[in-house]
Amino acid sequence: MYPDHRANYFEGLALEVTAETNLYPNRNLTDDDLMFEAACSWYLNDTANLSTTKFANRTVALRGYLQSFMYFDEFREEIRTMFTFKEHTLNAAKDAILQGIQGLDNTSTALHNQTKVPTLVGIHVRRGDILHDPHKAHGQTPATEQYLLRTALRYQRKYAPVLFIVISNDIAYCREVFVDDHFVFISGTPLEVDMAIMTLMDQMIMSVGTYSFWGAYLNGQATDISYFRDWPRPGSDLARITNKSEYFLPSWHGRI
């Protein structure tokens with residue numbers, strides 16, 4: 001076994017990794033040692049309750065994403081405690097937010113003559129690889145400009161004054177979509193800092209993907225979380241193995 005470097009990002013996580021071949025050191029792995037999930041974003045009772053399967057009372061390697069909140073949401077507070085970012089990462093996140101705000105023009109209507117502290121709304125925009133095959137062919141689809149702008153406007157009206165903190169793997173695209181002075185663009189920061197920023201937001205607008213999911217899930221104070229309802233692409237292979245009612249939390253809001 002060896003430590004996983006990702007544990008260094010979090011206060012309460014002690015993670016060790018072992019190779020699958022070490023599960024049975026005296027023989028080769030067979031299909032009887034492996035359990036494959038039948039759907040990537042779906043709660044499967046057999047996967048959750050191995051005691052009812054042929055894998056009962058055995059060491060087994062689980063293969064898949066296990067990306068349904070129903071597997072783990074009853075332990076949400078414990079998960080948040082384990083995945084509390086370390087102080088230096090949180091400080092880097094706060095510094096990035098502050099620098100972004102300081103970079104706004106002094107005449108910005110988002111800050112000028114405001115007597116009320118703005119609501120910080122995080123926007124995560126996933127693009128990159130999902131725009132291309134094989135991800136696109138499989139059913140991945142980015143959040144549309146219509147969804148991003150319409151949802152941002154909804155938050156702007158509901159929580160004014162608002163500052164939007166934009167995190168993306170395509171900041172150039174985001175600058176073309178969000179053109180007024182209520183938007184702060186985070187760039188040049190490591191992935192763990194970007195996710196830490198999402199956990200600090202007052203409210204969250206998700207796009208697509210598990211990175212967006214976990215940024216929202218680890219946020220302990222946001223009460224109004226939106227996601228892009230038209231993911232995955234209808235009729236696609238990914239849509240056939242995704243149950244959105246078991247992937248997205250019922251308290252989150254699907255929008256288009």
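## Overall architecture

The chain of this predicted model has 256 residues, of which 45% count as buried. Its secondary structure comes to 10 helices and 10 strands, and its C-alpha atoms fill a box of roughly 70 × 40 × 30 Å when the box is taken along the principal axes.

The contacts can also be described by their separation along the sequence. Among those between residues at least 6 apart, 68% join residues that are at least 24 apart.

## Salt bridges between separate parts of the chain

Side chains of opposite charge can pair when their charged atoms come close.

Arg 58 lies in the loop between helix H1 (45-48) and strand E4 (61-63), whereas Asp 33 lies in the loop between strand E2 (16-17) and strand E3 (34-36), so the pair ties together parts that are 25 residues apart in sequence. The two partners can be described by their accessibility as well: Asp 33 counts as buried because its relative accessibility is 1%, under the 20% cut-off for that class, while Arg 58, with a relative accessible area of 34%, is partly exposed.

A further salt bridge is formed by Asp 224 and Arg 154, whose closest N and O atoms are 3.1 Å apart. This pair links distant parts of the chain, since Asp 224 sits in the loop between helix H8 (210-217) and strand E9 (225-228) and Arg 154 sits in helix H5 (residues 145-159), 70 residues apart. Asp 224 counts as buried at 2% relative accessibility, and Arg 154 counts as partly exposed at 28%. Both residues also belong to a network of salt bridges in which Arg 154, Lys 158, Asp 224 and Arg 255 are linked.

Arg 80 counts as buried because its relative accessibility is 16%, whereas Glu 77, at 51% relative accessibility, counts as exposed; the cut-off for the exposed class is over 50%.

## Cysteines

A disulfide is a covalent bond between the sulfur atoms of two cysteines. The structure holds 0 disulfides.

Which residues line the largest cavity? The lining is made up of Met 206, Ser 207, Val 208, Gly 209, Phe 228, Trp 231, Tyr 247 and Phe 248. By class, this lining has 6 nonpolar, 2 polar and no charged residues.

As for its volume, about 30 Å³ of space lies in the largest cavity, and the count of cavities of 30 Å³ or more comes to 1.

Definitions and conventions:
Residues numbered from 1 in each chain as written. Predicted model: local features only at pLDDT ≥ 70, side-chain atom pairs only at ≥ 80, totals over all residues. Heavy atoms only, no water. Disulfide = S-S within 2.5 Å. 1 Å grid on protein atoms, 1.4 Å probe; cavity = no way out; pocket = protein on both sides within 12 Å on 5 of 7 lines; lining within 4 Å. Points joined across faces, edges and corners; volume = space filled by probe spheres on them. Nonpolar A, V, L, I, M, F, W, Y, C, P; charged D, E, K, R; others polar. Helix = DSSP H or I, 4+ residues; strand = E, 2+ residues; numbered from the N terminus. Buried < 20%, exposed > 50% of the residue type's maximum accessible area, 1.4 Å probe, protein only. Salt bridge = Lys/Arg side-chain N within 4 Å of Asp/Glu carboxyl O. Contact = heavy atoms within 4.5 Å.
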